[in-house]
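The entries follow the order in which I looked things up.

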Amino acid sequence: MKFSQLGLDQEILKALQKLHYNEALPVQEKVIPEILKEKDVIVRSRTGSGKTASFAIPIIQKVEWNERSPQALILTPTRELALQIKEDFDNISAYRRLKTVAVFGKQPYKFQIQDLKQRCHIVVGTPGRVLDHLERETLRTDQLRYIVLDEADEMLNMGFIESVKKIFSYLPTNHTTCLFSATMPEPIRELAKNFMQDETVITLSEETTVNKAITHYAYQMKEKDKLIFLIKLLCKEAPESCIIFARTQEHVKMICDELYELNMCVDKIHGGMLQEDRIENMKDFKRGEIRILVATDVAARGIDVQNITHIINYDMPNQKETYLHRIGRTGRQTSTGVAITFLNEYDGQRKQELEEYLGYSLDIRNRNEIDQVDVNETTISPLTKPFMIREEKGKEIHEDTLKIYMNGGKNKKIRAGDIVGAICEIDGVCAQDIGVIQVQDHQSYVDILNNKGMFVLKALQKKTIKGKKLKIQKAKE
């Protein structure tokens with residue numbers, strides 16, 4: 001089905017076209033009409049099936065631009081996923097000029113509160129930080145009409161369900177609730193029963209089904225042999241883009257350090273890192289500047305990176321469900337992928353539980369071919385540089401947008417309305433050419449749409465805003 005058949009606004013269709021979203025995927029075809037009808041939905045669909053767009057598109061269609069308070073709240077288990085969902089909302093809503101704010105821990109409250117005080121249409125956040133804002137009364141709920149629980153089963157695994165229940169106690173009674181989950185354990189069913197009414201259940205895949213586009217198999221070895229086997233495996237496979245999953249931060253650091261010593265194009269992500277370092281490493285991996293990413297399970301959920309060819313489970317996951325989420329980073333949508341798992345002498349119980357969960361035995365392959373690989377400059381060389389630099393998602397959408405910086409904000413008593421007024425005084429420019437505005441303490445930012453950015457920039461440099469002459473320039477990326 002074409003997106004144009006779903007009754008969507010032209011601004012949304014224009015953005016989808018530039019994102020190369022040509023036809024609705026199965027989950028989008030089923031979910032979008034239900035949310036447009038403001039029906040509660042429970043959606044069980046495997047990772048990589050296009051779930052985010054299935055709730056982002058109808059919410060963007062229904063949100064009112066003129067309303068200043070948040071109208072949609074998206075709850076998600078990790079910071080990385082919160083940022084990714086924000087990016088998807090920003091891209092799809094670019095021509096509707098909606099503002100999406102991401103709130104999560106290990107980031108100063110001050111800037112989040114500033115964003116939430118201004119016009120804000122959609123909030124994406126982790127349960128702990130969202131609950132903090134609700135308790136501080138810095139997140140308004142009176143206009144919330146859409147609540148989405150994304151990766152609900154992972155919120156259960158990470159101990160967020162009690163926070164989610166508390167969050168619902170702050171919400172207005174009349175809203176549409178959407179629950180997305182790859183698996184549906186009993187506590188999630190109970191949650192749905194308590195907070196949803198006359199819900200539509202949409203099942204796109206069975207809980208234990210491995211995507212047929214993924215070839216997955218395992219090797220058996222002693223724990224002490226895993227590192228050298230990993231290096232030989234990488235030399236043989238020469239993956240274009242790869243995530244190596246380990247159970248602990250210590251293992252992630254050890255693996256990354258060893259591969260880095262061999263000059264491989266590698267970096268890491270784990271929960272003990274500074275937030276800005278995690279964000280930067282994920283950006284580099286998405287762009288293709290990092291070829292191999294070593295990670296704990298913070299990267300196992302919902303992270304959408306184009307063309308990951310290999311997943312390697314250096315350590316078996318503690319929970320059998322996590323296996324599906326890890327390997328789901330490859331073989332996404334129309335791509336294929338390979339997932340390889342290492343089994344050590346202590347993994348017998350985990351292997352048995354996983355096989356019972358999947359309903360069949362893991363394919364255990366012979367190690368001889370890998371053991372005979374010679375690790376040398378020639379075999380390591382392909383892994384020392386990026387395979388390809390990926391084009392950033394949404395690049396085409398933002399080609400006709402320019403972000404402008406002004407060295408004045410609340411300190412100079414400047415409001416968003418003052419900026420809009422100054423821009424609309426420019427001949428040939430109207431309110432529809434103005435995107436998201438952020439007024440901070442000492443600076444402000446405004447997006448100018450429709451290829452009018454440089455024209456507006458030059459005109460503003462000759463004007464005053466609220467009687468003040470400001471330094472105005474192109475914002476740094």
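Entry 1, helices α2 and α3. I began with helix α2 (residues 26-36), which packs with α3 at an angle of about 30°, their axes lying 8 Å apart. That angle makes α2 roughly parallel to α3, a label given to angles under 35 degrees, while over 145 is roughly antiparallel, 65 to 115 roughly perpendicular and the rest oblique. I note that axes are lines fitted to C-alpha atoms, for helices over the stretch in contact, with angles running from 0 to 180 degrees between N-to-C directions. Helices (H or I, at least four residues) and strands (E, at least two) are DSSP runs numbered from the N terminus.

The model is predicted, so local features need pLDDT of at least 70 and side-chain atom pairs count only at pLDDT 80 or more, whereas totals for chains, interfaces and linings use all residues. Residues are numbered from 1 along each chain as its sequence is written, and side-chain values use heavy atoms, with hydrogens and water left out.

I then listed the contact (heavy atoms within 4.5 Å): V27, Q28, V31, I32, I35 and L36 in α2 meet K51, A53, S54, F55, I57, P58, Q61 and K62 in α3. The residues of this contact of α2 with α3 divide into 9 nonpolar, 3 polar and 2 charged, where Ala, Val, Leu, Ile, Met, Phe, Trp, Tyr, Cys and Pro count as nonpolar, Asp, Glu, Lys and Arg as charged, and the others, Gly among them, as polar.

At what angle do helix α3 (residues 51-62) and helix α4 (residues 79-92) pack? I find about 45°, with their axes 10 Å apart. That makes α3 oblique to α4. On the α3 side I read T52, A53, F55, A56, I57, I59 and I60, which meet I85, D88, F89 and I92 in α4. The contact of α3 with α4 divides into 9 nonpolar, 1 polar and 1 charged residues.

K320, E321, Y323 and L324 of α13 make the contact with E353, L354, Y357 and L358 of α14. I count 5 nonpolar, no polar and 3 charged residues there.

On a 1 Å grid over the protein atoms alone, a cavity is a set of points where a 1.4 Å probe fits but cannot get out, and a pocket is an open set with protein on both sides within 12 Å along at least five of seven lines; lining residues have an atom within 4 Å of a point. Grid points are joined across faces, edges and corners, and a volume is the space filled by probe spheres set on the points.

By this rule I get 3 cavities of 30 Å³ or more. The second largest cavity has a volume of about 40 Å³ and is lined by M316, P317, N318, K320, R350, E353 and L354. Helix α14 (residues 348-358) gives the most to this lining, with 3 residues.
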